[in-house]
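Me: I am new to this structure and would like to learn how to read its features one at a time. Could you take me through them slowly?

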Amino acid sequence: MSAAKRAGRVALPAAASLALCAALLALAPGCKRTGASTSSQAAEASVAPAPAPAVDPALNWGGTTPHDTPPLPDPLIAQAEAVMRNADPVFDKFEVNYVTGDLDRDGRDDVVIEYGIGDEGAMRHVAKSVRVLLARDGGLQLQADQTDKFEDCPAVREIRDGRLWADGLEACMLPFPRTLNYYQFEWRNGALARVSTEDARQRVLSRLRAMREAIEAGKLSALDANLRPGPPIRGEAAPAPDPVFADADRRRAFADAVGLLSRLELKRLDPHESVVSFVKPRGADAGERKLLIDTAPDDATVEIDGYTYVVDARATVEWPEGDGVGYHLRWRLIDGELYLEEADAHDLDGLES
C-alpha cells in the first residue's frame, strides 16, 4: 500500500500557505477567504507517491503528511502514468494523487488515481476525476470513470483491506477545503460501490470508540499518534505523546465515559454543535459524563510545527474524578483522525455547560 499527497488538503508551512492563498484568490475572485487556511498545491506533472509510514490500521485513517524528501520511484505508478497519458495526455496537468493496493481482492495491487481538471489558463484545477486501473495479466487496465460515485470533491486516501478509503471535500477549487464525508468503497460488478459513509460527527465517534477498544485491549502504544497535537511530519522524529493515559484510573474513566456516551443519541444544539451527556447521581464517581462535538470550530485551522492543518471538528469528553473535580480531554479532527488539543482537570462547580 502506498499513498501520495492528499489533493486539496496538503499541509503547508504557514508563510507558503498565506502566499498561495493570496495567489489563488487573485486567480479566482469567486473563492472566498474563509476561516480555513490549509491549501492544496498545484502539483508537478506525474507526481509519484512516497511510501506511507507504518500505521495501526485500526486507529489511523491512513492519510499522508507533509514531507520535503523527493518521492521514491514506483514501477506500478510509472505503469499507471503511461496508461493514463495514453488515455488523456493532459491528465497530469494539475494535481495528481495515487494510491495502490489490492482493490478487487485478486492478490495483485491495483491503482486508483485522483487528478485535477480545469480550464486552460486557470493554473488550477476546478474539479477532480477518479480513475481505477486494475492489475490484469497484460498489465494495468483502465476502468470507466468513477467520479460520479462521489457526491462531493473526491480525495482518495488509501486502499486497505480490499477497500478504497476516500474523503469528500466541500469543493475542489477552495484553497482550504473542509472534509464533509469519509467514504469506503469496494469494487463490485465493474464499479466502485460505496459501503460506508461517515460525516464529521460519526467520524469523531468511531475514532473515540477505536481508542476505547485499544485501551480495553491493552494496546496503549497504538494511542501514541492520538496523544500528539497533530500528524507527524514525514522525515522528522515524532514528538513524545502526552502522558495523560499513563494514569490507569484516567484511562479507565475515559474508556468508561466513551463506552457509555457512544451508546446514547447525540442531541443537536445548533447546525454544528451536538452534545450527549449522562449524570450518575450518587457513588464515588457521581457526576456528569459529557461529549460535545463541534463541526465548525472557530479556529478552523491550526498551525503545528510550522504547518497549517484544517480542523474538521473539535470533540470534548468530560467526566468526574471525585471530590468536586472533573477532567476533560479535547480533540481536533484532522485528516480523519483525532489529535489531542487539551487535557486538564477542572472544578465541577465552575464547569461550562
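Reply: Let us begin with charges and rings: a charge sits over a ring if NZ of Lys or CZ of Arg is within 6 Å of the ring centre and within 35 degrees of the ring normal. Here the charged end of Arg203 sits over the ring of Tyr182, 5.7 Å from its centre, and Arg160 lies over the face of Trp165, at 3.9 Å from the ring centre. Please keep in mind that this is a predicted model, in which local features need pLDDT of at least 70 and side-chain atom pairs count only at pLDDT 80 or more, while totals for chains, interfaces and linings use all residues. Residues are numbered from 1 along each chain as its sequence is written, and side-chain values use heavy atoms, with hydrogens and water left out.

Me: How many disulfides does a search of the whole structure find?

Reply: A disulfide is a pair of cysteine sulfur atoms within 2.5 Å, and the search finds 1. Cys153 and Cys172 form it, with their sulfur atoms 2.0 Å apart. Cys153 lies in strand E7 (residues 153–160) and Cys172 in the loop between strand E8 (163–169) and strand E9 (179–188), so the pair ties together parts that are 19 residues apart in sequence. Strands (E, at least two residues) and helices (H or I, at least four) are DSSP runs, numbered from the N terminus.

Me: Is Cys172 buried or exposed?

Reply: Buried means under 20% relative accessible area, exposed over 50%, and partly exposed in between (1.4 Å probe, protein chains only). Cys172 is buried, with a relative accessible area of 13%, and Cys153, at 5%, counts as buried too.

Me: In what order do the 6 strands of the open sheet stand?

Reply: Strands of a sheet pair through backbone hydrogen bonds, either parallel or antiparallel; two strands count as paired if DSSP finds at least two bridges between them. The order here is E11-E12-E13-E16-E17-E18, and the pairing is antiparallel. Strand E11 (267–268) and strand E18 (337–347) stand at the edges, each with a single partner strand, so one side of each is left without a neighbour in the sheet. Strand E13 (residues 287–294) and strand E16 (residues 313–322) pair over 5 bridges, and the bridge partner of Leu292 in E16 is Thr316.

Me: How many aromatic pairs does the structure hold?

Reply: Rings of Phe, Tyr and Trp (its six-membered ring) pair if their centres lie within 6.5 Å; planes under 30 degrees apart count as stacked, over 60 as edge-to-face and the rest as tilted. The structure holds 8 such pairs, among them the edge-to-face pair of Phe150 and Tyr183, 5.8 Å centre to centre with 80° between the planes.
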